[in-house]
Every structure is written in structure tokens, then in C-alpha cells.
Amino acid sequence: MSRSAALPFAQPLTLVRSEHCLAVLSDAPLRTLSSALVGGGLGERCHFANFHVDNGYDSHTPKADLTRWLAAQQLSPTAVAMMTAVQLHNACIVSVALDKTPHGVMALVTAGVGNAVDISFSREADPRLALRTAPTPGTINTFLFVAAHLTDAAFVNASLSATEAKVQALSARGVNDPYSGTPATGTSTDSLAIAATQRGNATPYAGSGTEVGRAIGEAVYRATLGALANSHKTSSHRANSYKEPQCLG
């Protein structure tokens with residue numbers, strides 16, 4: 001790993017970056033819910049990694065690849081690990097207040113939509129399913145950090161809030177499913193991780209009727225918009241050098 005920087009969150013988090021990896025490191029274990037191939041499900045995590053792969057990546061052993069890359073970066077084998085063909089310098093970080101905590105919720109997003117999908121589009125009419133075709137590179141990876149004590153049910157509620165915000169960001173950018181022509185709801189390879197400090201009183205809810213849910217929505221919406229804008233700039237200008245995150249709140 002190479003350069004590092006402190007992140008705007010309620011408790012210490014460090015962003016460590018190299019050409020092929022962005023990693024968020026926490027000194028204290030964070031209760032985490034994740035859909036990631038490595039570090040998925042519920043568990044206690046200290047390391048969160050997003051690895052860059054080439055557009056032509058087509059490995060039959062992605063889990064083994066991620067595990068090997070974690071070891072190469074000297075990261076924990078229990079880390080949350082995702083991969084993306086998006087250039088990592090296009091990551092966007094947004095931090096927003098939660099109640100009286102200035103940086104109570106932070107979202108880090110990388111976003112590409114070459115593989116955009118409307119999940120409600122008819123399965124029978126979708127050649128991507130019928131032909132079992134390999135997806136076009138492009139995914140939205142979301143890492144969400146919350147300074148709150150979430151119950152297991154609230155973690156699920158938080159994932160709904162994050163997804164609703166992502167869909168709104170895609171709508172705002174006018175992203176459509178290329179097969180159906182209808183508004184995209186994501187890509188077929190999106191991944192999400194939600195990590196909570198578990199400090200304070202437990203909250204059973206994290207939806208749009210709660211402060212924490214609305215903070216999650218704001219952070220994910222703004223970070224997804226920023227990541228999409230950054231990726232569009234790169235595809236237009238082919239930027240190669242790492243840029244500091246463009247969306248610090």
C-alpha cells in the first residue's frame with residue numbers, strides 16, 4: 001500500500017490507496033453487513049477494500065483472487081473486499097452530520113454503469129439472462145460507515161435506504177438500461193457494505209422516517225452522483241493520476 005489520509009468520520013478511519021486498491025482501515029472493529037464476495041454477511045470488520053480490475057477481467061475464481069490480493073496488500077483475510085473496473089481515482093467520499101455528530105455518516109462510492117440494469121425488466125425479454133452472457137464491465141460499489149448502534153433489523157433497513165438513494169442518483173443522471181430503455185436501478189454486480197460503530201443506544205430502524213436513514217440517503221445519493229460524474233470525466237478525458245476525493249462533505 002502507499003499513500004494514506006484520515007477520513008471525515010466520527011471515529012478514526014484511514015484511507016490507504018495504491019494503483020490497484022483503495023482500503024479503509026479502522027482501529028476498532030465495526031459491526032458490518034455486506035453483500036461482498038469476501039467478507040459478506042454479518043460480522044466484525046476492521047478493513048474494507050476495493051480492488052481495481054481490468055475491463056477484460058473474467059476469472060472463474062474471483063473469491064480466491066480477492067483473498068490473494070488482500071494478502072498482497074497486507075490486509076486482514078476477514079476484510080470486506082470488492083472489485084471494480086472503474087478507475088479508483090474516481091471514488092467519491094461524502095460525509096454528513098448525524099444528530100449532533102458532525103461526521104456521523106460517511107459514504108465511499110465507485111460507480112460505473114456500462115452494465116446498467118432495470119431489475120423490473122422482464123426476464124423473458126432480457127437476452128443477458130437467456131444467453132448467460134458475461135456482463136459488460138461497470139459496477140457500483142458502496143462502502144457506508146455509520147456512527148450509530150444498529151440492530152440486525154436496522155442494518156437491513158439501512159441497506160434499503162442506501163439502495164433507494166442509489167436509485168435516485170441513477171435517475172438524476174438519466175441512466176437507463178440499454179436493453180429495456182427504462183430507468184436503471186443499478187448494475188448486475190453492485191455491492192454494498194454498511195459498517196456501524198455500535199456506540200450509544202440501539203436503534204431498530206434506519207429508514208426514511210429516521211434521522212440515521214435520511215443521513216444515509218443524503219451521503220449515498222451525493223457520493224453516487226459524484227462517483228458517476230468522476231467516471232464520466234475519466235471516460236471523456238482518460239485521466240490517469242490519482243485525484244483526491246471530489247465530494248468531501
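Colleague: Which residue does Lys166 form a salt bridge with, and how far apart are the closest N and O atoms?
Modeller: Lys166 pairs with Asp190, and the closest N and O atoms are 2.7 Å apart. A salt bridge here is a side-chain nitrogen of Lys or Arg within 4 Å of a carboxyl oxygen of Asp or Glu.

Colleague: Where in the chain do those two sit?
Modeller: Lys166 is in helix α3, while Asp190 is in the loop between β11 (186–187) and β12 (191–196). They are 24 residues apart, and the pair links distant parts of the chain. Helices (H or I, at least four residues) and strands (E, at least two) are DSSP runs, numbered from the N terminus.

Colleague: What am I looking at, by the way, and how are things counted?
Modeller: This is a predicted model, where local features need pLDDT of at least 70 and side-chain atom pairs count only at pLDDT 80 or more, while totals for chains, interfaces and linings use all residues. Residues are numbered from 1 along each chain as its sequence is written, and side-chain values use heavy atoms, with hydrogens and water left out.

Colleague: Back to Lys166, buried or exposed?
Modeller: Lys166 counts as buried because its relative accessibility is 12%; the cut-offs are under 20% relative accessible area for buried, over 50% for exposed, and partly exposed in between (1.4 Å probe, protein chains only). Asp190, at 22%, is partly exposed.

Colleague: How many salt bridges does the structure hold?
Modeller: Five. One of them joins Asp152 to Arg31, with the closest N and O atoms 3.4 Å apart. That pair also links distant parts of the chain: Asp152 is in helix α3 (residues 152–172) and Arg31 in strand β3 (residues 21–34), 121 residues apart.

Colleague: Which residues are linked with Arg31 in a network?
Modeller: Glu44 and Asp152; salt bridges link them with Arg31. Arg31 is partly exposed at 22% relative accessibility, and Asp152 is partly exposed at 41%.

Colleague: What about Glu218, which residue is its partner?
Modeller: Glu218 forms a salt bridge with Arg222, closest N and O atoms 3.2 Å apart. Both lie in helix α4 (residues 211–237), four residues apart, about one turn of the helix.

Colleague: New topic: what is the phi of Gln74?
Modeller: Positive, about 60 degrees, although Gln74 is not a glycine. Most residues other than glycine have a negative phi. Gln74 is in the loop between α1 (62–72) and β5 (80–84), and is exposed at 72% relative accessible area.

Colleague: And where does Asp99 lie?
Modeller: Asp99 is in the loop between β6 (92–98) and β7 (101–111). Asp99 has a positive phi too, about 55 degrees, and is exposed at 60%.
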